[in-house]
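Visitor: I would like to go through this model step by step. Could you take my questions in turn?

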Amino acid sequence: MRKEITIPYEEYADEQALSAVDAALLEQARRCVDNAYAPYSEFKVGAAVRLTDGTVVCGSNQENVAFPSGLCAERVAVFAAGANYPGVPIAALAVTARAADGHPVDWPISPCGACRQSLIEYEQRYGHKIRVILQGSTGKVVVFDGIDRLLPFQFEAEGIGADAPHSQVGADVSVGSDQHVGSDGTVGSEGKKRN
C-alpha cells in the first residue's frame, strides 16, 4: 500500500517577516558563521540555540582532515548547550551558512541526518519541541515546529531494546488520507505496531 507523508512548515520571503525573537536568533547564527573552521569544504555554517530560559548558545562547523572527526554547527551548538546548561530544554534552533568565497547561499540550509537524530534526542529527552529556523545567507526562511517534522521516522531507544530514559514528545505525522503513524509507532486506529 502506497502512503505519503505531509510535513507542515512556514515559509517567509526573508528574515524581515519573522518574529523579533526568531529574527534575533537567526542573526546570532549568522554571527557564528565567521567562527567556522571549514578549510576542506569551504562551506561555513552557523547555528544558534535558544534555551527555554532565554540563554543563547552558538556553534559553527568544525572540520578535521579526518572528515568523520569534525562536527556540524548544529551539533556543536546543541552539545555545548547540553554540557553548559544541563536540564534546560532547547526552545529553538536557527541555522545559516555562507560559501567560503563569500558568495551568498540563497536557499535554506537544513541539518544533516546525524544532526536531525541528535536534535530529536533533545526533544524526546526534555519533552519539548524545538522550533527550527533555516535560511542560507540570504533568501527565504523556512520554519518547522519541531525537529520531528524533519525526521518523521527517527531511531528511538526502543529500537535497541532499551527503555527511553526521557519523556516522549512524539511525532504525529500524516501518512495518508486515513492512516496515521503516532509517536509510539502505531498505525491508524487499530494500534498495530509498525515495523
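Predicted model: local features only at pLDDT ≥ 70, side-chain atom pairs only at ≥ 80, totals over all residues.

Guide: Four of the five residues of strand β6 (residues 141-145) are buried, so the strand is largely enclosed by the rest of the structure.

Visitor: Over how many bridges do β5 and β6 pair?
Guide: Strand β5 covers residues 131-135. In this pairing R131 stands opposite D145 of β6. The sense is antiparallel, and the number of bridges is five.

Visitor: Which residue of β6 is the bridge partner of E10?
Guide: Strand β1 (residues 10-12) pairs with β6 in the antiparallel sense, over three bridges. For E10, the bridge partner in β6 is V143.

Visitor: Which residue in the hairpin of β5 and β6 takes a positive phi?
Guide: Five residues lie between the two strands of this hairpin. The positive phi is near 90°, and the residue is G139.

Visitor: With which residues is D14 in contact, leaving aside its neighbours within four places in sequence?
Guide: D14 is placed in the loop between β1 and α1 (20-32). Its relative accessible area is 29%, so D14 counts as partly exposed. D14 and Q135 are 121 residues apart in sequence, yet their C-alpha atoms are 8.3 Å apart. With near neighbours in sequence set aside, the contacts of D14 are Q135, G139, K140 and V141.

Visitor: How many residues of β2 are buried?
Guide: β2 has nine residues and is mostly covered. The number of buried residues is seven.

Visitor: How many bridges join β2 to β4?
Guide: The two strands run antiparallel. One of the facing pairs has A47 opposite V95 in β4. The number of bridges joining β2 to β4 is nine.

Visitor: Which residue in the turn between β2 and β3 has a positive phi?
Guide: β2 and β3 pair in the antiparallel sense over five bridges, and V49 has V57 in β3 as its bridge partner. The two strands form a hairpin with four residues between them. The phi in question is about 95°, and it belongs to G54.

Visitor: Against which elements do the buried residues of α2 pack?
Guide: Helix α2 (residues 73-84) has 12 residues and reaches 16 Å from its first C-alpha to its last, close to the expected 16 Å. Its buried residues are A73, E74, R75, A77, V78, A81 and G82. These pack against β2 (43-51), β3 (56-60), β4 (90-99) and α3 (113-126).

**Salt bridges**

Visitor: How many salt bridges are counted?
Guide: The count takes a side-chain nitrogen of Lys or Arg within 4 Å of a carboxyl oxygen of Asp or Glu. E10, D22, R50, R131 and D145 are linked in a network of such bridges. By this rule the count is 10.

Visitor: What is the N to O distance in the salt bridge of E27 and R31?
Guide: E27 forms a salt bridge with R30, the closest N and O atoms being 3.5 Å apart; E27 and R30 lie three residues apart in helix α1. E27 is partly exposed at 32% relative accessibility, and R30 is partly exposed at 22%. E27 and R31 are four residues apart in α1, so about one helical turn separates them. The side chains of E27 and R31 meet in a salt bridge with an N to O distance of 3.8 Å.

Visitor: Is D148 buried or exposed?
Guide: D148 forms a salt bridge with K129, with the closest N and O atoms 2.4 Å apart. D148 lies in the loop between β6 and β7 (173-174) and K129 in the loop between α3 and β5, so the pair ties together parts that are 19 residues apart in sequence. K129 is partly exposed at 29% relative accessibility. D148 has 0% relative accessibility, so D148 counts as buried.

**Surface and whole chain**

Visitor: What is the area of the nonpolar surface patch that includes I7?
Guide: I7 is placed in the segment before β1 and, at 36% relative accessibility, counts as partly exposed. The patch is made by I5, I7, Y9 and F153, and its area is about 370 Å².

Visitor: What percentage of the residues of the protein chain count as buried?
Guide: The secondary structure of the chain comes to three helices and 10 strands. The chain exposes about 10000 Å², of which carbon and sulfur atoms supply 52%. The cut-off for buried is under 20% relative accessible area. Of the 195 residues, the buried share is 42%.

Note on methods. Residues numbered from 1 in each chain as written. Heavy atoms only, no water. Expected span 1.5 Å × (residues − 1). Buried < 20%, exposed > 50% of the residue type's maximum accessible area, 1.4 Å probe, protein only. Contact = heavy atoms within 4.5 Å. Pairing = 2+ DSSP bridges. Patch = residues over 30% accessible without salt bridge, like charges linked within 9 Å, V, L, I, M, F, W, Y side chains within 5 Å. Areas by Shrake-Rupley, 256 points an atom, 1.4 Å probe, with all protein chains shown as cover.
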